Amino acid sequence: MIVGVDQNSVLEAALNILFRGGWVLAPIFLLGWFGWFLMIERYGYYFMLRGRSISAFWKNLEKKGESFAFEKLNRRRYGYFLALAEDIRKHRDEGPVAVRNAMEATKHDIDVNLSKSLKTISTCAGLAPMMGLLGTVSGMVHTFETIQLFGFGNPVLLADGISEALLTTQAGLLVAFPLMLAYNYLTGCVEKVEQEAWSEALKFESYVFENSGCALPETSAGATPGEAK
């Protein structure tokens, strides 16, 4: 505990700010905690999607064979590339079309699972400043009601309404800004992992079928993962 700081005084200060901000400050506070809870959980999921080093997989594949390479890759069992590569191994005997369909299905499942919470996080970041604006309006209404009852003679009473308006606006922005920045950064990282995993999976698909004489499904130039013809 910091020297000279009483836990009770910190709690009292926090409650004082909450009461001064009015009823809108409570849902803003809860919205922020919920958004960051989901954000931390999604970051954990992102680190699982990264899996083990794909470059190390190719080195192991070249030097010690497919079984050893996948044994090393399976030490982090939920990687994006691993899921696609396992589809290739599982369906290789059924031909390139079956392999590509399985890869597309796996990619879709992962994207759906990931997008659920990301959309909610984006919604939380968008709602926070709107809730702050609602608190601003509520504080101004409180201020005008005070003016109507007591006039401009008591600045202390007017300060309560103005404080409520400013605190809720500030709280909404403080919740929204870092949450949106973290969301944008996470989205960029996830897109990078998706593109890398899909690209490397296509390379492994070519490696598997290069000596089989099977024609691989074509992927249009510049297509994003999952847009194979």
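I began with accessibility: buried means under 20% relative accessible area, exposed means over 50%, and partly exposed lies in between, with a 1.4 Å probe and protein chains only. I noted that this is a predicted model, in which local features need pLDDT of at least 70 and side-chain atom pairs count only at pLDDT 80 or more, while totals for chains, interfaces and linings use all residues. I also noted that residues are numbered from 1 along each chain as its sequence is written, and that side-chain values use heavy atoms, with hydrogens and water left out.

**Entry: salt bridges**

I searched the whole structure for salt bridges (a side-chain nitrogen of Lys or Arg within 4 Å of a carboxyl oxygen of Asp or Glu) and the search gave 6. I reminded myself that side chains of opposite charge can pair when their charged atoms come close.

I looked at E41 and R42, whose side chains form a salt bridge with N and O 2.7 Å apart. R42 is buried at 5% relative accessible area, whereas E41 is partly exposed at 35%.

I then turned to E66 and R92, which form a salt bridge at 2.8 Å, N to O. E66 sits in helix α4 (residues 66-73) and R92 in the loop between α5 (80-91) and α6 (96-150), 26 residues apart; helices here are DSSP runs of H or I with at least four residues, numbered from the N terminus. R92 is partly exposed, at 27%, and a network of salt bridges links E66, R89 and R92.

Which residue forms a salt bridge with E205? I found R100, with the closest N and O atoms 2.7 Å apart. E205 lies in helix α7 (residues 155-209) and R100 in helix α6, so the pair ties together parts 105 residues apart in sequence. E205 is buried at 1%, and R100 is buried at 5%.

**Entry: cysteines**

I looked for disulfides (pairs of cysteine sulfur atoms within 2.5 Å) and found 0. C124 is buried at 4% relative accessible area, and C189 is buried at 11%.

**Entry: α4 against α5**

I checked which residues are in contact, meaning heavy atoms within 4.5 Å: E66, F70 and L73 of α4 meet F81, L82, A85, E86 and R89 of α5. By class, this contact has 5 nonpolar, no polar and 3 charged residues, where Ala, Val, Leu, Ile, Met, Phe, Trp, Tyr, Cys and Pro count as nonpolar, Asp, Glu, Lys and Arg as charged, and the others, Gly among them, as polar.

Key
Helices (H or I, at least four residues) and strands (E, at least two) are DSSP runs, numbered from the N terminus.
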